[in-house]
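Let's walk through this model together, looking at how its parts meet. Have the viewer open, and we will go from one chain to a pair of chains.

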Amino acid sequence: MSGIITLTTDFGEKDGFVGVMKGIILGINPKAKIIDITNEIERQNIDQAAFVIKNSFSFFPEGTIHIVIVDPGVGSLRRIIVLDCINYVFLAPDNGVLKYILSEKKNFQVYDVVNKDYFLKNVSSTFHGRDIIAPVSAYLSLGTDIEKFGPEISDYIKGESFEPFKKGNKIIGKVIYCDSFGNIITNIKKDEMPVKYQEKYISINIKDLNIRGISRFYSDGGKNRPIALFGSSGFLEIAIYLGNAEKSLDVKIGDYVNLSFN
Amino acid sequence: MSGIITLTTDFGEKDGFVGVMKGIILGINPKAKIIDITNEIERQNIDQAAFVIKNSFSFFPEGTIHIVIVDPGVGSLRRIIVLDCINYVFLAPDNGVLKYILSEKKNFQVYDVVNKDYFLKNVSSTFHGRDIIAPVSAYLSLGTDIEKFGPEISDYIKGESFEPFKKGNKIIGKVIYCDSFGNIITNIKKDEMPVKYQEKYISINIKDLNIRGISRFYSDGGKNRPIALFGSSGFLEIAIYLGNAEKSLDVKIGDYVNLSFN
Amino acid sequence: MSGIITLTTDFGEKDGFVGVMKGIILGINPKAKIIDITNEIERQNIDQAAFVIKNSFSFFPEGTIHIVIVDPGVGSLRRIIVLDCINYVFLAPDNGVLKYILSEKKNFQVYDVVNKDYFLKNVSSTFHGRDIIAPVSAYLSLGTDIEKFGPEISDYIKGESFEPFKKGNKIIGKVIYCDSFGNIITNIKKDEMPVKYQEKYISINIKDLNIRGISRFYSDGGKNRPIALFGSSGFLEIAIYLGNAEKSLDVKIGDYVNLSFN
C-alpha cells in the first residue's frame with residue numbers, strides 16, 4: 001500500500017461531504033495521503049466517473065486505493081465492492097462506475113463489502129461514502145486483508161469497453177466525454193487506425209462538419225477552425241484553439257464520429 | 001492536538017486566498033495537515049457555514065482545529081475568537097458562525113484573539129484569514145497554550161439551536177439547508193418524533209405538497225415523486241430521486257414544514 | 001527545498017487533470033506536500049494567473065516550488081522554463097504567466113526545461129502539465145540541480161510591471177483584477193501616493209462614479225455605496241459592502257481609474 005487514497009465523486013465541495021470523509025480516514029490512518037481526482041463529476045453521471053477514473057488511476061503509485069462514488073442507489077440493495085487488481089485497489093458502489101477498469105484488467109478479484117466491523121457505528125441510509133467507504137478505505141490503506149471486508153463475488157456488474165465499430169476502411173466511433181476546455185473526446189484510439197495510413201488523408205465527420213487530417217497540437221488550429229488530434233488520453237479529440245468545441249459544434253455524448261481514409 | 005486543521009470558508013478557490021493561508025500555516029508548522037471542509041459557502045452566508053461546520057466537525061479526530069470564516073465585518077470591531085471545547089478547537093470571527101456548535105456544547109471556554117505576537121507582521125484590514133487566523137491556527141496546532149492568544153471572554157455571540165416548534169400532535173419545523181444535490185434539510189430530528197409513532201402515518205406538508213410516510217433511501221422515490229426520509233445528518237429531508245427537490249419545489253431556507261401524525 | 005509544490009492552473013477540477021499531476025509527483029517524491037493555490041483561473045487567461053501567483057507566492061515557506069500553468073500553446077514551440085529566484089522556484093510555460101514575478105525580482109536565472117530524462121516516457125502534445133511539469137517539479141523538490149533540466153537562457157518573455165501613469169497631481173491607473181467577492185483591484189499601490197496627502201481629500205473616478213476618500217474596511221461602506229480602500233494585496237480596491245462591485249459597476253479589467261488630490 002502506498003498510503004495514497006484518491007477520491008472521484010459527484011459530491012461537489014459546498015456541503016463538506018468530502019471533507020468529512022477525509023476526517024474519518026485520518027482518524028483511522030493518520031498517515032494516509034488523500035488526493036482528490038475530482039469531486040465535480042456531474043451529479044449521478046456514472047459514465048463520466050467511469051471515464052475519468054479509467055484515464056487517471058494508472059498515474060498514481062502502485063498500491064494506491066481509488067475511491068469512486070456516484071451512487072444514486074445509496075442505501076438500497078446495490079452492493080459496495082472492492083476491486084483488487086494487485087497494483088491498484090478500487091472501492092465503489094457496484095453500479096457500473098468501474099466498468100472501463102474491469103474491461104481493461106485481466107487478473108483481478110471482486111469482493112462484496114459487508115463486514116460491519118469496519119464501518120462507522122451508525123450507518124445512515126443516505127451517505128455510505130462517509131459511513132462505509134471512508135473507514136473501509138482507511139483500513140485497506142493500513143494493510144488489512146481484503147478478504148476480511150467480505151466474500152469474493154462473481155456476479156458484479158461486468159466490464160464494458162468503448163471500442164468503435166469498423167467497417168471496410170471506415171471507423172464509426174462516438175463522443176464519450178467532453179472536457180472542461182470543451183475538447184470533444186471520442187472512443188477512437190491511435191492504435192485503432194489502419195497499419196498504414198497517412199494522417200493528411202484521414203477524413204473526420206461529426207455532425208455537419210468535415211475535418212481533413214490530424215493536427216499535432218491545439219494551437220495548430222486557427223480561431224474558430226475545428227481540428228482533430230490525438231489527445232493526452234490517447235483518444236481522437238475534436239478541438240478549437242482558444243475556443244470551446246463542445247459548445248460551438250453543439251455536440252453531445254453519444255454523437256457519432258466517422259473516420260474514412262482516402 | 002491531532003495536527004489537523006480544517007477550513008470552512010466562503011473564499012472560493014479562484015483567487016488563491018485559501019492556498020495562501022495554507023502556505024502560512026505550513027511555514028509555521030510544516031507537519032500540519034490541512035483539510036478543506038468547504039471553501040464554497042455562499043458569500044457572506046453565516047447561517048450556511050454554521051450549519052456545515054455543525055454537521056462536520058465531529059467526524060474529525062479529537063484535537064482537530066476547525067477554522068470557520070465567513071466574515072463580512074473583517075477589519076472592523078468584530079472580534080476573532082477561539083472556542084475551546086476540549087476535544088475540538090474552533091477559530092472564527094465572533095459573528096454567529098459558531099452558534100450551532102455553542103448551543104450543542106456544555107463545557108467550553110471562549111477567548112478573544114488579540115496577541116499580535118502570533119499574527120503576521122503587517123495585518124491588513126481586509127484579509128484576517130491570512131494575517132491572523134492562519135498563523136494563530138498553526139501555533140495552536142503546535143500546542144501553544146490557548147490563554148496566550150488573549151483573554152477569556154463571556155460576551156461572545158451566543159449559541160442558537162434550531163429546534164422545531166411542537167403543538168399537540170403537530171411539529172412545525174423549517175427548512176435550514178439545501179445541499180448541492182437539491183435535498184431539502186429541515187430542523188426536525190428523528191428524536192423529536194413522538195415516542196410511539198408509525199412512519200407510514202406521518203403526514204408532511206411543505207408548500208402545497210403533502211407527503212405520506214417516511215422512506216428509507218433516495219431510490220425509494222419514483223422519478224418526480226418527492227419523498228421524505230431521515231438523512232445522514234439526522235434531520236428530516238425532502239428529496240427527489242435522480243432529481244433536485246429544492247428547484248422542483250421552489251423551496252427556500254426558512255420555509256415552513258409541518259408534520260402531523262394520524 | 002521545503003518539499004512544498006503549489007499549483008496555479010486553469011485546469012478546473014472536473015476532469016481529474018490536477019489529481020493526475022499529484023499522483024505523478026507523489027510517485028517520484030512521496031514526501032512532497034502539494035498545495036492548490038487555485039485551479040480555477042479563467043481558461044487561457046494568462047494575465048489572471050500572473051496576478052494571482054504574484055500575490056500568493058511569498059506567503060509560502062522559502063524553498064517552495066510554484067507551478068503555474070495556463071498554456072494555450074501546449075505542445076507547440078513555446079518553451080517550459082524554470083525560474084530560480086533563490087528563495088523560490090517557478091515552473092511554467094514561457095508565455096508571460098511569470099511576467100509580474102520577473103518584474104519584481106532582480107537576482108534570478110531562467111532555464112529551458114529540455115532534458116527528457118526527467119519527463120514521463122511518453123510525452124503527449126496536449127498535456128505537458130502531466131508529462132513534463134509534474135515530474136520535473138517532483139525532481140526539483142528532491143533537490144535535483146536545476147542545471148540538469150536544461151541550459152540557462154536569456155531570451156525568455158520578459159517581466160512587465162503594472163505601474164500606473166502619473167501626471168501632475170493625478171494618478172491614472174487601471175483595473176487589473178476582480179476577485180470572486182466582486183472587489184475591483186487596481187494597479188495603484190499605497191506607496192504610489194504623494195508623500196503628503198490626506199485620505200479624505202482623495203477623489204477616485206471610475207466609469208461615471210466618483211468616490212471621495214479612502215475607507216479602512218469593507219463594512220465602512222453602506223449597502224449599495226461603493227467605497228475605495230487599500231486591500232490585502234496592497235492595491236487600491238473599489239468595493240461594495242455585502243455586494244458585488246464588479247457587477248454593480250459593470251467594470252472590466254483594463255478600465256481606467258483616476259485619482260486626484262484636492
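Into which domains is chain A divided? Keep in mind that this is a predicted model. Chain A has domain 1, spanning 4-153, and domain 2, spanning 165-261. Taken over C-alpha atoms, the centres of these two domains of chain A are separated by 33 Å.

Now look at where the two domains of chain A touch. Five residues of domain 1 are in contact with five residues of domain 2, and about 440 Å² is buried between them, 76% of it on carbon and sulfur atoms. On the domain 1 side, A:Gln48, A:Phe51 and A:Asn55 lose the most area to domain 2, together 74% of what that side buries. By class, the touching side of domain 1 of chain A has two nonpolar, two polar and one charged residues.

Next, turn to chains B and C. Here 29 residues of chain C are in contact with 28 residues of chain B, and the two chains bury about 2400 Å² between them, 59% of it on carbon and sulfur atoms. In chain C, C:Phe59, C:Phe181 and C:Ser232 lose the most area to chain B, together 27% of what that side buries.

How many residue pairs are in polar contact across the interface of chain C and chain B? The rule finds twelve, both residues at pLDDT 80 or more, along with zero salt bridges. Among the elements that give two or more residues to the chain C side are helix H2 (46-56) and strand S8 (170-178) of chain C, while S2(C) gives the most, with five residues. By class, that side of chain C has 16 nonpolar, eight polar and five charged residues.

Terms used: Residues are numbered from 1 along each chain as its sequence is written. Chains are lettered from A and ligands numbered from 1 in the order in which they are written. This is a predicted model: local features need pLDDT of at least 70, side-chain atom pairs count only at pLDDT 80 or more; totals for chains, interfaces and linings use all residues. Side-chain values use heavy atoms; hydrogens and water are left out. Domain bounds come from an automatic or database domain assignment. Contact means heavy atoms within 4.5 Å. Buried area is the accessible area (1.4 Å probe) that two parts lose on being put together, summed over both. Ala, Val, Leu, Ile, Met, Phe, Trp, Tyr, Cys and Pro count as nonpolar, Asp, Glu, Lys and Arg as charged, and the others, Gly among them, as polar. A salt bridge is a side-chain nitrogen of Lys or Arg within 4 Å of a carboxyl oxygen of Asp or Glu. A polar contact is a pair of N or O atoms within 3.5 Å; within protein, one must be able to donate a hydrogen and the other to accept it, and residues adjacent in sequence count only if both atoms are side-chain atoms. Helices (H or I, at least four residues) and strands (E, at least two) are DSSP runs, numbered from the N terminus.
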